[in-house]
Amino acid sequence: MPTDGVQYKSRPGNLTSSAPNKFNPDKLRSEEMIINLGPQHPSTHGVLRLEVLLDGEIVKEVVPHIGYLHRCFEKHAENLPYNQVIPFVDRLDYVASMNCEHAYALGVERMLGIQDQIPKRVEFIRVLVAELNRIASHFIAIGTYGMDIGAFTPFFWVMRDREHILRLLEWASGARLLYNYIWIGGLFYDLPVGFEERCREFVKYIRPKLQELETILIESKIFIERTANVGVLPLDLAINCGVTGPMLRGSGLNFDLRKVDGYSIYPELEFEIPIGEGKMGAVGDCWDRTYVRYLEIHQSLRIVEQCIDQLTGEHKRTRDFDPQELVPKKIRPAAQDLYVRAEIPKGELGFFFRADGKSDIPFRCKCRSCSFVNLSVLPEISKGILVADLIAIIGSIDVVMGEVDR
Amino acid sequence: MSTFDQIVSMVEDTCSHAAPTVDKSASPHALIIAKEDVVVVCRILQENPLLYFDMLSSVTGIDNGPESGTMEIAYNLYSIPFDVHLMIKIALPRDNPQIDSVSGIWKTANWHEREIFDLYGIHFVNHPDLRRILLPADWEGHPLRKDYSHQEYYRDIKVKY
């Protein structure tokens with residue numbers, strides 16, 4: 001299609017930055033300088049831009065500039081019926097879409113008051129796919145983190161293993177990343193026949209591979225030297241900044257919403273909450289955060305196994321099972337305000353809903369994203385460090401820009 | 001560990017501008033206070049060892065539309081040791097909305113308040129660094145207001161695609 005005329009005219013004003021620096025270069029002391037990191041930089045995990053004030057090689061101040069991936073999630077949600085928001089929810093944390101959908105569905109079900117009627121099989125399938133997705137997300141976190149600080153091989157190994165998970169989820173939902181599988185009140189479809197067996201094979205396959213990952217990356221001397229005692233996040237600062245997820249647990253607090261809130265089917269499952277213990281350095285350093293993620297993969301595998309046991313035992317597939325049985329035709333919650341939260345791989349994903357009781361469209365749907373809040377702690381913990389350590393800290397926060405910018 | 005009614009009675013005395021009201025249809029239950037009281041009430045909620053709301057989960061801006069003439073801010077607090085949730089709601093006038101910042105109490109509020117300033121144009125007094133956060137600095141208007149209409153051109157690029 002031909003364009004009608006010139007779409008973009010270059011004017012002097014157009015060359016100014018749309019996100020101006022906080023620090024004025026003219027007012028710096030003579031030994032200081034500003035380095036711009038990102039938004040197109042491989043170690044910033046997407047389109048994160050950091051304005052770094054340096055004194056030689058020492059970081060004095062970091063100012064994150066975000067918003068490069070802003071896709072107006074909240075504005076879209078105010079214009080769509082509840083069930084049609086789910087594909088947008090997928091695109092928040094696009095490497096852990098199942099977990100995001102789970103949180104969103106939980107919230108709308110609570111508003112409708114149907115959260116206790118969901119069939120057990122649906123709940124087990126939800127937790128199964130969510131935990132598989134959690135493993136995939138932690139694989140990315142650990143793999144790309146290793147790559148950030150120079151370990152290239154583990155990245156390929158975890159991407160190879162993540163591929164198995166993505167193929168499983170593609171088999172179930174039809175999509176590799178953005179599933180739209182967990183619906184309000186049910187599921188898009190039952191698991192395909194043979195899924196449980198393949199899952200079991202996957203669990204059997206992945207356990208030795210995790211051991212390899214631990215040997216080559218987590219316990220590697222180089223990795224420990226780069227991450228131990230780097231970016232130490234004290235617990236009181238973490239709580240005051242609202243940090244959640246593996247970052248908070250890495251700082252030594254046993255706080256996991258799957259246990260604390262006990263939503264969905266989690267109270268019936270056995271798993272432990274790994275926390276950072278400062279094994280290689282101080283509690284709450286980059287190594288602790290990575291190790292917590294690594295241990296969480298093991299716990300998620302335990303949950304996956306228990307879910308498969310239930311799905312092939314007590315709650316096995318029957319001919320008359322309809323996962324869409326409870327999916328409401330018309331979603332019109334009573335007028336209320338509701339805040340719901342759930343544990344996704346990065347932390348606490350919260351949704352604030354306001355329903356006006358008169359329409360199928362949320363009056364307000366705010367997403368409290370964990371990457372956004374976790375990223376806001378970066379300026380606090382990166383004062384007086386080396387530039388190379390700043391890269392190590394960014395990677396250990398595990399931000400997904402889709403969720404930061406929404 | 002305190003129930004919602006106990007929390008209400010404990011903060012009642014600190015509200016000097018208007019007596020707090022409650023909204024029990026909200027989940028978690030909501031406390032509705034005057035905007036002038038926000039900092040003193042939040043400080044009590046965070047510092048009192050019986051309440052100890054050490055975590056600010058979320059700050060939400062809400063625009064009730066031009067007909068009602070109000071905006072709202074909802075704070076979602078959580079106490080990790082007591083496992084208690086609380087919502088605080090504050091109504092603001094729609095023209096020139098202003099409220100004191102709570103970022104001195106919880107650092108979480110810093111970015112959340114910047115986001116609300118960006119998308120709703122609510123001004124936070126005493127905020128350390130109130131700039132736009134998600135949108136470009138030279139964007140016009142505040143998109144989550146109900147009467148928002150976007151500008152036609154942004155830097156000579158047509159906004160409506």
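Let's start at one residue: Asn180(A) is partly exposed, because 18 other C-beta atoms lie within 10 Å, and that count falls between the 12 or fewer of an exposed residue and the 20 or more of a buried one. Please keep in mind that this is a predicted model. Asn180(A) sits in the loop between helix 5 (153–173) and strand 4 (182–183) of chain A.

**Backbone spots to look at**

- Asn180(A) has a positive phi of about 50°, although it is not a glycine.
- Asp83(B) is found in the loop between strand 4 and strand 5 (84–93) of chain B.
- Is Asp83(B) buried or exposed? Asp83(B) is exposed, because 10 other C-beta atoms lie within 10 Å.
- Ser27(B) and Pro28(B) are joined by a cis peptide bond, with omega about 0°.
- Pro28(B) belongs to the loop between strand 1 (21–23) and strand 2 (30–33) of chain B.

**Chain A as a whole**

- Chain A contains 15 helices and eight strands.
- The C-alpha trace of chain A spans about 75 × 55 × 45 Å along its principal axes.
- A compact globule of 406 residues would have a radius of gyration near 22 Å, and the 22 Å of chain A agrees with this.
- Of the 406 residues in chain A, 50% are buried.
- Take the contacts in chain A between residues at least 6 apart in sequence: 71% of them join residues at least 24 apart.

- Three strands of chain A form an open sheet in the order 1-2-3, with antiparallel pairing.
- Which strands lie at the edges? They are strand 1 (32–37) and strand 3 (58–65) of chain A, each of which pairs on one side only.
- From one strand to the next, the twist averages 20°.
- Strand 2 (residues 49–55) of chain A is joined to strand 3 of chain A by seven bridges, and the two run antiparallel.
- To find one of these pairings in the structure, look for Leu53(A), whose bridge partner in strand 3 of chain A is Glu61(A).

- Strand 6 (residues 336–344) and strand 7 of chain A pair in the antiparallel sense over nine bridges.
- Strand 6 and strand 7 of chain A form a hairpin, with two residues between them.
- Within this pairing, Tyr339(A) stands opposite Phe352(A) in strand 7 of chain A.
- Strand 7 of chain A is also joined to strand 8 (residues 364–368) of chain A, by five bridges, and these two strands run antiparallel.
- Here Gly350(A) stands opposite Arg368(A) in strand 8 of chain A.
- Why is strand 7 (residues 347–355) of chain A described as largely enclosed by the rest of the structure? Nine of its nine residues are buried, so the rest of the structure largely encloses this strand.

**A closer look at Ala342(A)**

- Ala342(A) is part of strand 6 of chain A.
- Ala342(A) is buried, because 23 other C-beta atoms lie within 10 Å, and 20 or more is the cut-off for a buried residue.
- Leaving aside neighbours within four places in sequence, Ala342(A) is in contact with His102(A), Ala103(A), Leu106(A), Leu257(A), Tyr263(A) and Leu349(A).
- Ala342(A) and Asn374(A) are 32 residues apart along the chain, and their C-alpha atoms are separated by 16 Å.

**Where chain B touches chain A**

- How many residues of each chain are in contact with the other? There are 34 residues of chain B in contact with 36 residues of chain A.
- On the chain B side, strand 3 (55–63), strand 4 (70–79), helix 3 (109–120) and strand 9 (157–158) each supply at least two residues.
- Strand 3 of chain B gives the most to this side, with six residues.
- The residues on the chain B side divide into 19 nonpolar, eight polar and seven charged.

Methods
Residues are numbered from 1 along each chain as its sequence is written. Chains are lettered from A and ligands numbered from 1 in the order in which they are written. This is a predicted model: local features need pLDDT of at least 70, side-chain atom pairs count only at pLDDT 80 or more; totals for chains, interfaces and linings use all residues. Two strands pair if DSSP finds at least two bridges between them. Helices (H or I, at least four residues) and strands (E, at least two) are DSSP runs, numbered from the N terminus. Axes are lines fitted to C-alpha atoms, for helices over the stretch in contact, and angles run from 0 to 180 degrees between N-to-C directions. The radius of gyration is taken over C-alpha atoms; the globule rule is 2.2 Å times the number of residues to the power 0.38. Two residues are in contact if their C-beta atoms, placed from the backbone, lie within 7 Å. Ala, Val, Leu, Ile, Met, Phe, Trp, Tyr, Cys and Pro count as nonpolar, Asp, Glu, Lys and Arg as charged, and the others, Gly among them, as polar.
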